[in-house]
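Please open the model in a viewer and keep the selection tool at hand. The stops below are meant to be followed in order.

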Amino acid sequence: MSLAYSNSQIAKPETSSMTFNFPIVKKLVYKDLYLIRKLIAAYVAGIIFSLSIISLGEWQFYMGAVLFISMVVGLGNHQLSATLINERKEQTLSFIMSLPVSPTDYALAKLLSTMVTYFIPWFLITVASVLVIWLTSLPDGLIPFTVIVSVLVLLNHCITWSAAMTLETEGAVLAVMIGLNCFLNPELYFLIRVPEIFAHINTPDIVWAGLPIKILLLGVAAIVVVLTTSFYFHARKKSFY
Amino acid sequence: MNSTDNARLHVAQPDISTLGTRLYFMDNLRALAMMAGVVFHASLAHSVMLQGIWPSANTERSAIVDMLAWFPHIFRMPVFFLIAGFFASLLVQKRGIGCLLKNRALRILLPLVIFLPLCMWAVIASLMNAAVTVEHKSAVLGMVAYGMAHPGLPPPPPSTMHLWFLYNLVFFYLLTWTFYFFDGSRIRQFFMQLKPFRFVAIFSLLLMPALLSQSAPFPAPDSFLPQLWSFGFFGLFFMVGYWVYQEPGFIEKFIPHWKILLICSLLLYAVFYWLIPKEVSLTAVPLALWKKIIITACEALIAVSMTLVCLALGKTYLNLRNRLMRILSDSSYWIYVIHVPLLFTIQYQLMDKNWNLITKLGVALAMTFAIGLVSYFVLVRWTPIGWMLNGKRKRNEV
């Protein structure tokens with residue numbers, strides 16, 4: 001991976017307005033994608049494995065479903081740990097700071113690399129899950145529940161990203177990850193007890209009306225708010241810390 | 001990512017002379033495996049074993065058809081997946097992993113997305129039409145007719161039908177990408193350098209868990225949910241095919257032994273056929289454990305041995321560059337994709353005819369191949385469909 005820059009690519013880190021040096025942002029994004037390619041590959045294999053055991057039987061369905069969610073959550077956390085936390089631990093950030101990169105470019109590069117590497121598999125997995133439920137004998141009533149769980153998992157990832165960008169110690173970020181993962185189970189517990197979801201989860205009816213659509217929209221809105229606020233805050237910073 | 005950094009690829013360098021030339025025997029073998037699939041599906045209409053679940057099951061049926069049809073069934077798709085793995089490896093070596101994914105998205109994923117709904121529609125339309133028009137209905141047609149007369153019954157779960165191989169290949173290519181980053185060279189070297197009969201025994205043992213989880217003869221993994229056993233059976237053949245490309249001389253190792261492997265396979269098939277249930281139903285018949293283990297061992301050994309026999313014979317006799325084989329290899333993909341709706345439609349028309357089994361089977365096959373070939377030349381060979389399935393060709397190409 002070449003990090004050589006031409007004069008035209010060199011940014012002016014001291015600029016106060018929010019301008020981006022896209023050639024450098026692109027190189028930083030590629031660098032992150034390159035560094036975590038093996039990690040993504042391993043999780044994709046895990047996701048395929050979890051999907052393949054879902055059809056084996058009743059307990060295998062639960063095992064596969066839990067493994068599947070764990071893989072999606074694990075992919076997000078592992079990827080943030082590899083690209084953001086390790087960057088500080090292994091002094092790579094200090095190296096990046098020596099390059100003509102502004103905090104704005106850095107924030108944008110991190111947003112793009114972590115969101116692209118998470119959002120694309122997340123989106124494919126969500127669409128695949130919906131298609132699998134829709135096309136197989138599984139009850140279609142599961143679809144709203146599955147989509148909402150997917151959005152909640154994405155929201156957790158966005159909050160963790162925000163925390164990893166803001167908090168400077170590995171322990172604090174890990175605490176956030178653990179906390180959010182602990183909250184996921186109660187979220188599922190309460191979600192499945194939403195009357196509109198509970199009443200239709202084992203039926204062929206896909207019911208969005210009422211609370212399910214509200215929870216979904218709230219989740220999407222929360223994702224947008226978390227990402228924009230966090231990005232805006234970091235992009236306006238004058239220094240990396 | 002480029003393919004020059006072979007240290008990272010963890011693969012041996014294949015014979016460079018194969019990189020620029022077409023591997024005719026592999027192309028021809030793949031075409032024959034696909035054509036064998038058409039013959040297999042056509043013969044199932046006259047199978048005694050499948051009369052209860054095959055839509056075009058005919059009143060003219062014979063146990064001899066079963067005896068002849070189930071033997072190639074055990075190894076034709078393993079051969080196909082091994083060849084798919086072989087070409088995947090070739091593409092990775094020549095153009096890199098990114099190109100493999102792009103190329104396969106165009107050749108495998110896109111045809112699946114386009115043709116699956118069309119085939120599904122064609123099969124359902126012809127099935128519903130036959131349920132009304134055919135007089136000597138099969139059990140399935142009878143059920144469809146009953147379902148049409150009693151609306152409200154749940155429809156059968158959708159499946160990937162005969163295009164399951166494309167669906168499974170998509171996962172295998174994804175897994176090729178994931179395993180590409182990990183060093184499997186030691187396992188490959190151990191496995192591929194085993195002596196011929198040791199290789200047959202160990203590979204068969206590795207296939208047994210997957211086959212034990214299924215009824216015999218093994219069904220098609222045509223569900224939309226990825227099937228674990230398919231990874232443990234067809235996936236392993238794909239992986240071995242991937243390695244075969246990286247081990248020049250692997251196929252040659254089996255050439256002196258093909259007769260023994262063939263004879264053993266035929267003997268094992270006799271045992272297999274004797275032990276399997278003589279009627280296949282949607283719910284698998286439970287078998288005694290000893291019976292299940294023997295059947296599965298036979299199935300695994302036949303699949304491995306006959307795949308190797310096909311490779312050995314292919315390398316010896318099919319490394320041909322002639323017009324007929326080229327047309328066969330080019331058209332086989334298209335014919336295979338369209339053959340099931342076509343075959344069903346033809347066989348429904350033959351159900352009420354008072355012809356003998358051989359005539360009905362011959363007519364169904366001849367018409368399927370004829371329509372497949374004509375439609376290939378008219379609709380596919382020089383059109384975007386052909387570019388998608390086989391790549392762009394030059395006008396002066398043989």
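Predicted model: local features only at pLDDT ≥ 70, side-chain atom pairs only at ≥ 80, totals over all residues.

Residues are numbered from 1 along each chain as its sequence is written, and chains are lettered from A and ligands numbered from 1 in the order in which they are written.

**Chain B.** Select chain B, which has 14 helices and zero strands; helices (H or I, at least four residues) and strands (E, at least two) are DSSP runs, numbered from the N terminus. The C-alpha trace of chain B spans about 65 × 55 × 40 Å along its principal axes. Of its 398 residues, 43% are buried, that is, 20 or more other C-beta atoms, placed from the backbone, lie within 10 Å of their own.

**Helix H13 of chain B.** Next, select residues 357-380 of chain B, which form helix H13. The buried residues of H13(B) include Lys360(B), Leu361(B), Ala364(B) and Tyr376(B). Show also helix H2 (24-43), helix H12 (323-350) and helix H14 (384-390) of chain B, which are among what covers those buried residues.

**Where chain A meets chain B.** Finally, display both chains: 18 residues of chain A are in contact with 15 residues of chain B, contact meaning C-beta atoms, placed from the backbone, within 7 Å. On the side of chain A that touches chain B, helix H2 (37-54) and helix H5 (103-135) of chain A each give two or more residues. The largest share, 11 residues, comes from H2(A).

Note on methods. Expected span 1.5 Å × (residues − 1). Buried ≥ 20, exposed ≤ 12 C-beta atoms within 10 Å, placed from the backbone. Contact = placed C-beta atoms within 7 Å.
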